[in-house]
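Have a look at the fold first, then we'll walk through the aromatic rings and a few other spots.

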Amino acid sequence: MKEFKNNLKFTWNYVKYQKANFIKYVLLNICLVIISVVVPILSANAIIYLTSSLFQQLAMVALVILMVEVSRNVINYFSTKYVQIIYRETFTLIQNDLGKEILTLDNKSLNSHSSGVFIQRITGDTSRIADVFYTITSNLAAILTNIGIFVAIFIINKYAFIYLFISSLIIGYFQYMRSTKRNEKDKIFRKTNEKVSGFIGEIIRGAKDIKMLNAEKSFLNTYDGKLIDLNKERYDMQDVSRKFLFVSGTCNDISDFFLILLLIFLIKSGNLAI
């Protein structure tokens, strides 16, 4: 979490140069929240008109839902466009500054690290830092949309709202644990990846000497061992995500099942009208 906050603070130093696009992105997402409140309510009315055989009213509501959903698609298009522009410009600025910083390092620092490490820093780590903003904006958009849906459910039925709120907290906990565990594995993976990148750099720089000494087999065996370690760390990282996604997905399915039972109970008890 501390690393995430530091990356966020660092990234904002570059994102702030895109304030105009960022403001546009925020305003568009506010519109998406409003839409996420309106659509469930309109959909509930459509079901009521359908079960009551009020087909003219149903057609009108369906038309309104169509217009709202088309508006949502248009807003999503421009929202994604602005966040991609912000990501592109932020990524470029971070890479440029990092390249400048590397050129200011003394020879001792340069010699103590392989070229692969610096290549990994410029190409890989800058992408990860820039991804922080992209990830936050994507998650924020999803959270705001879900808030809108929760508001709509609260208006329709408070019991269903309480149930969905509790089940969402449980599923959210599993998602948080998945992210935390995956980040721990990712740190190990990045360190291993740096070693492989550094070793590849050494092979490229010393290719002629390796051939002269007929040491290809020895270097290839070492390279093979490093690749096995790297792919093992990658698999372990992906395995964490796979396990937690299985658990959270199963919890989500169970939650949906009991939600249906709750709705049946609310309808039969007269606490929810259709």
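This is a predicted model: local features need pLDDT of at least 70, side-chain atom pairs count only at pLDDT 80 or more; totals for chains, interfaces and linings use all residues.

**Overview**

As for what it's built from, the protein has 8 helices and 0 strands.

**Fold at a glance**

- Read from the N terminus on, the elements go α-α-α-α-α-α-α-α.
- The protein has 274 residues, and 30% of them count as buried.
- Take the contacts between residues at least 6 apart in sequence: 81% of these join residues at least 24 apart.

**Aromatic pairs**

- How many aromatic pairs turn up in a search of the whole structure? The count is 7.
- One of them is Tyr77 with Phe78: the ring centres sit 5.1 Å apart and the planes meet at 85°, so this pair is edge-to-face. The cut-off for that label is over 60 degrees.
- Tyr77 has a relative accessible area of 56%, so it counts as exposed, the cut-off being over 50%.
- Phe78 comes in at 34% relative accessible area, so it's partly exposed.
- Phe161 and Phe165 are another pair, and this one is stacked because the planes are at 25°, with the ring centres 6.1 Å apart. Stacked means planes under 30 degrees apart.

**Around helix 6**

- Phe161 and Phe165 both belong to helix 6 (residues 158-205), where they're 4 residues apart, or about one turn of the helix.
- Phe161 has a relative accessible area of 21%, which makes it partly exposed; the cut-off for buried is under 20%.
- Phe165 is partly exposed too, at 40% relative accessibility.
- Which residues do ring pairs link into a cluster here? They're Phe150, Phe154, Phe161 and Phe165.
- There's a charge to note as well: Lys158 lies over the face of Phe154, 5.0 Å from the ring centre.

**Ser241 in helix 8**

- Ser241 is part of helix 8, which covers residues 216-268.
- Is Ser241 buried or exposed? With a relative accessible area of 9%, Ser241 is buried, since buried means under 20%.
- What does Ser241 touch, once its neighbours within four places in sequence are left aside? Ser241 is in contact with Arg178 and Arg182.

Technical notes: Residues are numbered from 1 along each chain as its sequence is written. Side-chain values use heavy atoms; hydrogens and water are left out. Rings of Phe, Tyr and Trp (its six-membered ring) pair if their centres lie within 6.5 Å; planes under 30 degrees apart count as stacked, over 60 as edge-to-face and the rest as tilted. Buried means under 20% relative accessible area, exposed over 50%, partly exposed in between (1.4 Å probe, protein chains only). Helices (H or I, at least four residues) and strands (E, at least two) are DSSP runs, numbered from the N terminus. A charge sits over a ring if NZ of Lys or CZ of Arg is within 6 Å of the ring centre and within 35 degrees of the ring normal. Contact means heavy atoms within 4.5 Å.
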